[in-house]
Amino acid sequence: MFTEYFKYKGISFPQIIYSEQVLQMVENNFQVRDDDIFNVTYQKSGTVWMLEILSLIRSNGDPTWCQTVPNWDRAPWFETVLGYRIALTNKSPRIISSHLPAHLFAKSFFKSKAKIIYTVRNPKDVLVSLYHFASMFRPYKDPGTLDQFLDVFLKGDVPFGSWFDHVKGWMNLKDKENFFFITYEELQEDLRGSIVRICQFLGKDLDDAAIDSVVANASFGAMKSNKMSNFSLSPRFLMNQKKSPFLRKGDQEQGISGDWKNHLTTAQSECFDLVYQERKRELNLTFPWDKE
Ligand SMILES: Nc1ncnc2c1ncn2[C@@H]1O[C@H](COP(=O)(O)OS(=O)(=O)O)[C@@H](OP(=O)(O)O)[C@H]1O
């Protein structure tokens with residue numbers, strides 16, 4: 001029962017943390033405010049990292065908020081039953097996280113001046129990260145073997161649907177001035193420069209010391225040791241981090257790009273590439289990992 005999924009408009013959602021009623025309210029009733037900032041991703045693409053960066057920028061580099069309030073209260077996932085209520089009561093300017101595909105997103109956003117930051121990650125790394133996450137996040141189905149999971153991932157038969165559909169749906173907005181697109185790999189490559197670009201997009205003028213503090217407090221090591229950011233306060237019935245920690249792989253400074261190479265066989269990688277090359281034509285975009 002706990003790991004059953006239900007479908008909403010063709011997309012799978014796990015029971016308990018999501019409900020059809022809340023998904024309908026998000027889409028049709030949620031009142032987006034012009035100063036809202038949305039942190040949108042396909043799952044396992046750097047959501048909590050961007051959440052931390054946005055929290056720190058909102059606080060002008062002061063880490064107190066990040067060190068005293070859990071990330072799910074600072075920037076709730078508004079499509080979850082709990083997150084919806086938190087989002088309604090949070091004070092402006094709100095930061096709101098979401099994994100929803102564009103066609104299920106709050107309709108009022110599209111008539112607002114609110115901003116979206118959309119973070120994309122190499123889908124092979126997303127696959128590997130999600131595979132580990134599915135083994136420790138109790139509302140998700142057991143992923144089985146990596147071979148089995150590769151198959152369901154490529155078919156999009158996972159919560160939030162296909163990575164390809166998600167990216168395609170959101171990247172339709174890429175020329176809008178209230179939409180900012182960045183990759184996990186760019187954050188890894190140049191965190192400081194990425195934060196400066198994000199500040200420019202948000203119209204936030206942080207001095208050098210404040211930017212340095214955002215960089216330091218959003219590092220992999222700082223987040224891994226911050227109980228407000230590492231989900232160690234999450235109820236045990238939801239997550240078993242002994243199986244796989246939420247901040248799974250990285251060192252003091254950085255997380256990991258290209259971990260898929262440690263997990264996928266050549267045959268699995270080639271199988272992924274076949275679907276990727278075919279579906280990428282619809283996207284008409286080049287990502288950092290395409291140049292490898
Ligand atoms: N600060 C920082 N630096 C680099 N990488 C980071 C950071 N914070 C989180 N992560 C990594 O992001 C992965 C989790 O993705 P999400 O936050 O999108 O997960 S979720 O969808 O919200 O459950 C997960 O990736 P993997 O380690 O590859 O599994 C996290 O380790």
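I count a residue as buried when its relative accessible area is under 20%. The model I looked at is predicted.

**Confidence.** I noted a mean pLDDT of 96 for the chain, with 99% of its residues at 70 or more. The model scores are ipTM 0.99 and pTM 0.97.

**Strand S2.** I looked up residues 11-14, which form strand S2. In a regular strand the side chains alternate between the two faces of the sheet. I found Ile11 and Phe13 on one side of S2, and Ser12 and Pro14 on the other. These residues are all buried, and both faces of the strand are covered.

**Pairing with S1.** Strand S1 covers residues 5-8 and runs antiparallel to S2, joined to it by four bridges. I traced Tyr5 to its bridge partner in S2, which is Pro14. The hairpin of S1 and S2 has two residues between the strands, and there Lys9 takes a positive phi near 50°.

**Asn217.** I placed Asn217 in helix H11, residues 208-217. A polar atom of the Asn217 side chain lies 2.8 Å from the backbone oxygen of Ser213. Leaving out residues up to four places away in sequence, I listed contacts of Asn217 that include Glu52, Leu56, Pro63 and Met223.

**Ligand.** I found 23 residues around the ligand, the closest being Lys44, Thr47, Ser129, Tyr184 and Arg248. Lys44 places a backbone N or O atom 2.7 Å from a ligand oxygen atom. Ser129 has a polar side-chain atom 2.7 Å from an oxygen atom of the ligand. For Tyr184, an N or O atom of the side chain is 2.7 Å from a ligand nitrogen atom. The ligand taken alone exposes 650 Å², and the protein buries 98% of that.

Definitions and conventions:
Residues are numbered from 1 along each chain as its sequence is written. This is a predicted model: local features need pLDDT of at least 70, side-chain atom pairs count only at pLDDT 80 or more; totals for chains, interfaces and linings use all residues. Side-chain values use heavy atoms; hydrogens and water are left out. Buried means under 20% relative accessible area, exposed over 50%, partly exposed in between (1.4 Å probe, protein chains only). Two strands pair if DSSP finds at least two bridges between them. pLDDT is the predictor's confidence in each residue, from 0 to 100. A polar contact is a pair of N or O atoms within 3.5 Å; within protein, one must be able to donate a hydrogen and the other to accept it, and residues adjacent in sequence count only if both atoms are side-chain atoms. Contact means heavy atoms within 4.5 Å. A residue is near a molecule or strand if one of its heavy atoms lies within 4 Å of it. Accessible areas come from the Shrake-Rupley method with a 1.4 Å probe; for residues, only the protein chains shown count as cover.
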